[in-house]
Amino acid sequence: MNTQTFSPVRTSAKLADGKEIIFETGKLAKQAHGSIWVQCGGTVVLVTVVTQPLPEDRGFFPLTVEYKELAYAAGRIPGSFFRREVGRPSEREVLVCRLIDRPCRPMFPKTFRDEVQIIAQVHSADEENDPDVLAICGASAALGISKTPFLGPIAGARIGYINKQFVYNPTYEQVKQSELNLVIAGTKDAVVMVEGSADFLPESLIADAIEWGHQQMQPVLQAQEELREKCGQPKIEIAEHVEDAEVKAVVEEIATPKLEEALFIPEKLKRYAAKDAIKQEVMDVLNERFAEEPERIKGAGDMINAITKRIVRSSIKDHKKRIDGRDLTTVRPLGIEVGLLPRTHGSALFSRGETMAMVTATMGSSRDEQRTDSLVGDCVKRFMLHYNFPPYCVGEARFLRGPSRREIGHGTLAERAIHPILPPAEEFPFTVRVVSEIMESNGSSSMASVCGSSLALMDAGIPVKCPIAGVAMGLIKEDDEYLVLTDILGDEDALGDMDFKVAGSEDGVTAIQMDIKITGIPSEILRSALAQAKEGRLHILENMNAVLPESRGQVSKHAPQLEIVHVHPDKIRSIIGPGGKNIKAITAETGADIDIEDDGRVSIFAPTRESLLQAKEMVQYHDQTAEVGKDYEGRVTRVIDCGAVVEILPGLDGLVHVSQLDIQRVEQPSDVTKVGDSMKVKVLEVEPSGRVRLSRKAVLMEEAGETIDLATFGKPKRGGDRRGGDRDRRGGRGGDRRGGDRNRR
C-alpha cells in the first residue's frame, strides 16, 4: 500500500505557568504561501497567508484579515437556520479580526502594495484557552515563514490580574475572576497594540501589566524566530522607491507655502477644502508641464501628503503648536446637554471640538437580552452599546449598510468602558441598550461615545456607580524625541504615530486601546501617555459633573415600570400554568413582561403604572393561601366516597368531608354535588402538611343564623356517630388519600 507521509516542522514556547504554545507547519494547507497550526492545550487555530501582486498600485496596502470560529471545534452544531457557519461574521469574530489586523499592519514595509490575505480558523476549542491570542501569534508565524515581507515577529497575549498577581493567558474561568482583561501584542523590543478593560485600576498598574506581559511573551517570539530559520521562504524583493526630482521640486515650490497656511485653519471642512484646492492647483501645473510624460506625475499625491505630514509634525515638535492652535495638553472646548430627546428613556449630547455624539439609553426586560452562540456555549448580554457612524458626520454620501468592523470595534470599546459602572442584575434587573449616533467627527468619536453614554445612563435614572469619561492621546516621534498629544484631531491621528484611548472614572481605568504606526514605543512613553490621559479625563469629568453629577432619583417615566414581588416557590407552577397558559394570559391582558426566578422572585415589567398594578394583582392571585375561618367560593373538581374536593384558590384545593356537605345527613356525596358545581365553603383547618379541611355545613349554619366555634366544629365527639366526625372509615384522618387535601398538580 502506498501511504503518504508528512514531515511537519515544529517549534514550541514553554510559558512560565507550565503551558506550551506549539507552532507547526508543512502538514496542512501547503499551497498557501504560509500556513501555521498553533496549539495551546486543546485549542487549535490554523492560520494561512496568501500574497498576490495587483495589476496596478491602488495607493494603499490591501491587507484583509478573516477569523472564523467553527462550531464543530467545540463539539457544537451551529444555531443558525442553515445549521452551518454562514453570512456575516459575528461581532466576536469581527473583534478578533481587528486584534490580528492592528498589530500586523504597521509591520509591513510602507512601499509594499501587494494584496495579502490572512485567514485564521479555530478547528478545536477547549474550555480553557481562548483562541484569539493564538490567532495573533499564528498570523505572525505564518507571515514570518511566507514570502511576504514582514518586519515581525509579533506575539499576542492576554494579561489578567487576580489576587494582586498578574496572570499570563488566563483561562475563561480566571478571566471571570480577574480585575483586568488586557490583550497586548508586541515585538521583541516594544509593545505595538493594547486592548482591554479593567475594574477601576490605577494607570501605574496598567503600565506594570503591559511591561510584565511583554517580558512573558519573549519565548513565543523566540519560537517563531526558530521556525522561520528552519523553513522560512525568501522574501519578495521590494523595488526601492525613487522620487522624480524634477516633479518633486515643482510640488514643493507650489504646495509648501500654501500648505503652511492652509493646514492651520481650525475648521475641519474649510481646512480640507483649502488642501483640495492646493492639490488641484499642483496637479494642473504638473499636467501642463509634463503633458507628454504623464507617468512621471503619478507620485505627486504621495509627495503632497509627505509635505503635509512634515509641516504638521514640525510645527508640533518645534513650536508646540497644533493644527487648531492648542498646546500639547489642552482638551478642545466641551459642549454637554442631557434630556434633549423628550420620549427616550435617557439622552445626552456630548461634543468636544468638532466631534459630537448623540447618545440614548433604553431599558427593557430580560426578554430583550442578547443571546448568541459561542465556542463556550450560549452567551447572554444584558448591556449593549452600539456605535453608529453615518456618512453625513464627515460630510460624505454613501450607502447605509450594516455596521462596519470599525463601528463594531468602537462600540465594544465604549461598552467595556461603561460596563463596570452598571448596577448588578439582582438590584436592577433591566436590560439596557445604549446607542451612540455620531453627529460630527473630527477625532476621538469613540471616547465622545463613552462620555455621552455615561450621561445618558444617568439621565435615564439608571443607578450607575459613577460617571465615566474617555480621551484619545496621540504621539509624534521625531528622532529620539517623543511628544504626547491630548485629545487628538482626526488629522493628528492620521499624521501621528499613535492612537491611544483611555477611559475611566476619577478612581481608575475601565477601558484602554492603543494602536501605533511605528514598530513600538518605550514603556516610559506609555507611562507618560497614561498620566497625561488621566489629567485630560479628570478635566472632562469635572465638566460633565457640572451638568449632571449623578443619576436622577428615579427612572424615566417613559421607561418600563418595574416591581419585584416574592411568591412561594411552590406557587411558580400555578403562575405559569399548564403550557404557560396563565402567564401568557397575564402578559396578553396587561402588556407586561414577567420574569420568574426559581426562588420565587418575580420581576414585573409593564409599560404603564396601571398595567403594572394589574399584572401584580394577577400574579398575586396565584400566590394566595387559605385563611382559617374565611369563606371561599370554590369549584368541585372531584367527588369521592368520603366527600368532595373543592378548588378554592388557583392550584389550592381542600376536602369537604361527607359530614360537612350539608346540615342534614348525607348518605352519598354524589347526592349533593357533582364535578363542576360551584360551592361556598369555610376553611376549618390548614394542617402543617398543607392539607385544607373545608365545610359547606358551617356556611349553611351561619347563613341560618347559628354561631359556630371553629375550635371544635367538625371534630369527632366521643361516643357520637362515627359518621359525624372526620374520622370516617371511608376517609381516614384528614380525608381520603386518593383525593387528598393537597392537590399536587
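**Inside, then outside**

Start with helix 10: 15 of its 15 residues are buried, so the rest of the structure largely encloses it. Buried here means under 20% relative accessible area, exposed means over 50%, and partly exposed is in between (1.4 Å probe, protein chains only). Helices are DSSP runs of H or I with at least four residues, strands are runs of E with at least two, and both are numbered from the N terminus.

This is a predicted model, where local features need pLDDT of at least 70, side-chain atom pairs count only at pLDDT 80 or more, and totals for chains, interfaces and linings use all residues. Residues are numbered from 1 along each chain as its sequence is written, and side-chain values use heavy atoms, leaving out hydrogens and water.

Back to helix 10, residues 445-459: at 1.5 Å a residue it should span 21 Å, and its end C-alpha atoms are 20 Å apart, which agrees. Just after helix 10 comes Gly461, with a positive phi of about 85°.

Now the outside. Which loop holds Phe82? Phe82 sits in the loop between strand 5 (63-69) and helix 1 (91-104), and counts as exposed at 58% relative accessibility.

Asp598 is in the loop between strand 23 (593-596) and strand 24 (601-606). Asp598 is also exposed, with a relative accessible area of 73%.

Last, Ala704 lies in the segment after helix 16 (696-703) and is exposed at 57% relative accessible area.

Key:
The expected span of a helix is 1.5 Å times one less than its number of residues.
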